[in-house]
Amino acid sequence: MSVDRTIAPPQKPLVIADRLCKTFGGGRSLFGSAAPALKAVDNVSFEIFPGETLGLVGESGSGKSTTGRVLLQLEEPTSGDIIFKGQNLTGLSKSLLKPHRRDMQIIFQDPYSSLNPRMTVGEFVAEPLIVHGAVTNKSERNDRVAALFRKVGLDPSFMTRYPHEFSGGQRQRVCIARGIALDPAFIVADEPITALDVSIQAQIVNLFQDLQDELGLTYLFIAHDLSMIRYLCHRVAVMLRGRIVEIGPCEAIFENPQHPYTRALLSAIPVPDPKIERNRRPIAFDVNANPIPEAATLRTVGEGHLALLY
Amino acid sequence: MAPLLDVRNLTVVFDTPAGTVHAVNDVSYTIEEGETLGIVGESGSGKSVHALSMVGLIARPPGRIVSGEVYFKGRDLLRLSQRELFDLRGKEIGFVFQDPMTSLNPVLTVERQIAEPLRRHFNLSKSQARERVVELLELVGIPNARARIGQYPHEFSGGMRQRVMIAIGIACNPKLLIADEATTALDVTVQAQILDLVRDLKKKIGTTVIWITHDMGVVAGLADTIQVMYGGRIMERGPVDAVFEDPRSAYTWGLLKSLPHGGKRGETRLYQIPGNPPNLINEPIGDPFAPRNAFATERCLRETPPLKQMEGSLPGHKAAVWYDLREELKKQEAKV
């Protein structure tokens, strides 16, 4: 029997989010009154393939950061499953989860508050190596940290300095060095360039791409700057009120958006060109006037392109 | 006609334990009545500090205005008493600050907060002020304004709160409105609405606007004139079309080039400006961007270039450069 060689074997996803829900509040208070529950993440499913960058966009409060945190088990999902490298991570005990933790890392938005001011940046980068027993002695540790510093474009002689001596871009490089210290397969980058100076953002975006090329990293890239998303990501998911309203290949989303919210979002990006900008008319979309019906489901509208239509 | 605002040689420093921070260095510019000036710069460029120091809103100490004059309608603001500044701020010069979450008072109703400058500057009665508040909220596009004036800031969404901030800023029909990163904390869709609102207000009431931001896209859509600041200095300024099309400062050029411009994944690598923003604690010598600039000459490191009119461009297109960027880019192209 001959095997059809024209079809590549389907690649297995690295990360699968399966019907994830995360609800905050809703419990009864001491006096018996119930606070309304907030569905921060509402029935969210997607897959991320090895070496891929999935962009996650949406307004503040849409649940994009919570999705990232739940995916890494920094918060427990209310329901749903997270499958990482074929294994279901939900419900695993702390000790069973620990070996997976080194394989998935997060880089936060604000490099001013995510660094410990009382640790040298070298110690900060070495910490995960120590916690996970990846190094046995001090000289090995120093060598590893120095190599990481070089990899993110920092001079290893900076290792003994404290965070306050660094600029925002350099701090974010330190955070990235720590993020890749344990050779993770998957990184959630939660608005990693938002807090940086404009003249530094391109440096960090390029660094993310170089590291992906070099180490084969898989990213979930959370951002609200859509022009950067288009530049960086293979696929994009658009979130609104805790739900994914549209997901698909970057080009399909940008060229042929299907959900009215995606259209509004894309039409609102300011373009750094006065001639275009003067004639741009953003499309309005009032979320409150157009609530998403509970029963709406994602439907295929193009190749790998799904939208919540109702 | 004399310009509405005439800033001359403004220099502001902050005395800190680590040394003297040179925040604003010899900044001079004018703004005409009805003009919208977009000031672009990153943190530490002096864009916010220079605006705040013009109207006495920086803490002194540690801040210190070393030199300069700021003429607003013929009066030097830097020589006014606190009392005179009080009468001016909110009435003649309105402000909108970045963060609507923290710049509104959470325990006062929005009516109270918008009415405050009205009652203070025009001695309006409570009911007169209320009518004006309703009018203002309608003007900034808050639906159901009359019913909402008694609400507190937490009952408004982020975008609505920023509209309230703008209503406070324009309450007394100021001659000049200074907005400092007024849409930075907002979602892009909300930002688009606020920018539309500002354009609309300019048409209706003809306010002169200084819009401070780090977003080139926002300036492109809103401003008549762009002013690019870096290291406490003006690097380039001019009509938006001229500056975006034909930048003459390597910093402006680098900033524009480093944006993705609708670029797709894998097409090209983003241009990146090397190095890090300057440390302003040392006495600034030369062109502040020189250490990061591949086109910088020996002279750029030693001597500060004056802001001068660029040849072959529109009147008012000025840059502070010793090198000729057009020539340098031609040379670079020839090499490739």
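View 1. The buried residues of α4(B) pack against α5 (126–139) and α7 of chain B. Buried here is a count: 20 or more other C-beta atoms within 10 Å of the residue's own, with 12 or fewer making it exposed, anything in between partly exposed, and C-beta atoms placed from the backbone. By that count Val110(B), Gln113(B), Ile114(B), Ala115(B), Pro117(B) and Leu118(B) in α4(B) are buried. Remember that an α-helix has 3.6 residues a turn, so residues three or four places apart point the same way. Helices (H or I, at least four residues) and strands (E, at least two) are DSSP runs, numbered from the N terminus.

This is a predicted model, so to speak of local features takes pLDDT of at least 70 and side-chain atom pairs count only at pLDDT 80 or more, while totals for chains, interfaces and linings use all residues. Residues are numbered from 1 along each chain as its sequence is written, and chains are lettered from A and ligands numbered from 1 in the order in which they are written.

**View 2. The bend in α4(B).** Where does the kink lie? At Glu116(B), shortly before the proline Pro117(B), α4(B) kinks by about 35°; the bend is the angle between axes fitted to the seven residues ending at a position and the seven starting there. Just after the helix, Asn123(B) takes a positive phi of about 50°.

**View 3. Phe156(B) in its loop.** Phe156(B) lies between α6 (145–148) and α7 (158–170) of chain B. Why is it partly exposed? Because 18 C-beta neighbours fall inside 10 Å. Setting aside neighbours within four places in sequence, Phe156(B) touches Gln151(B), Arg161(B) and Val164(B), a contact being two C-beta atoms, placed from the backbone, within 7 Å. The C-alpha atom of Ala250(B), 94 residues along the chain, is 43 Å away from that of Phe156(B).

**View 4. A four-strand sheet in chain A.** The open sheet runs β2-β1-β4-β5 with antiparallel pairing. Its edge strands, β2 (38–48) and β5 (87–88), each pair on one side only. Two strands pair if DSSP finds at least two bridges between them; β1 (15–24) and β4 (79–84) have 5, in the antiparallel sense. Val15(A) stands opposite Phe84(A) in β4(A).

View 5. β6(A) pairs with β7 (186–190) in the parallel sense over 4 bridges, and Ile106(A) has Val188(A) as its bridge partner.
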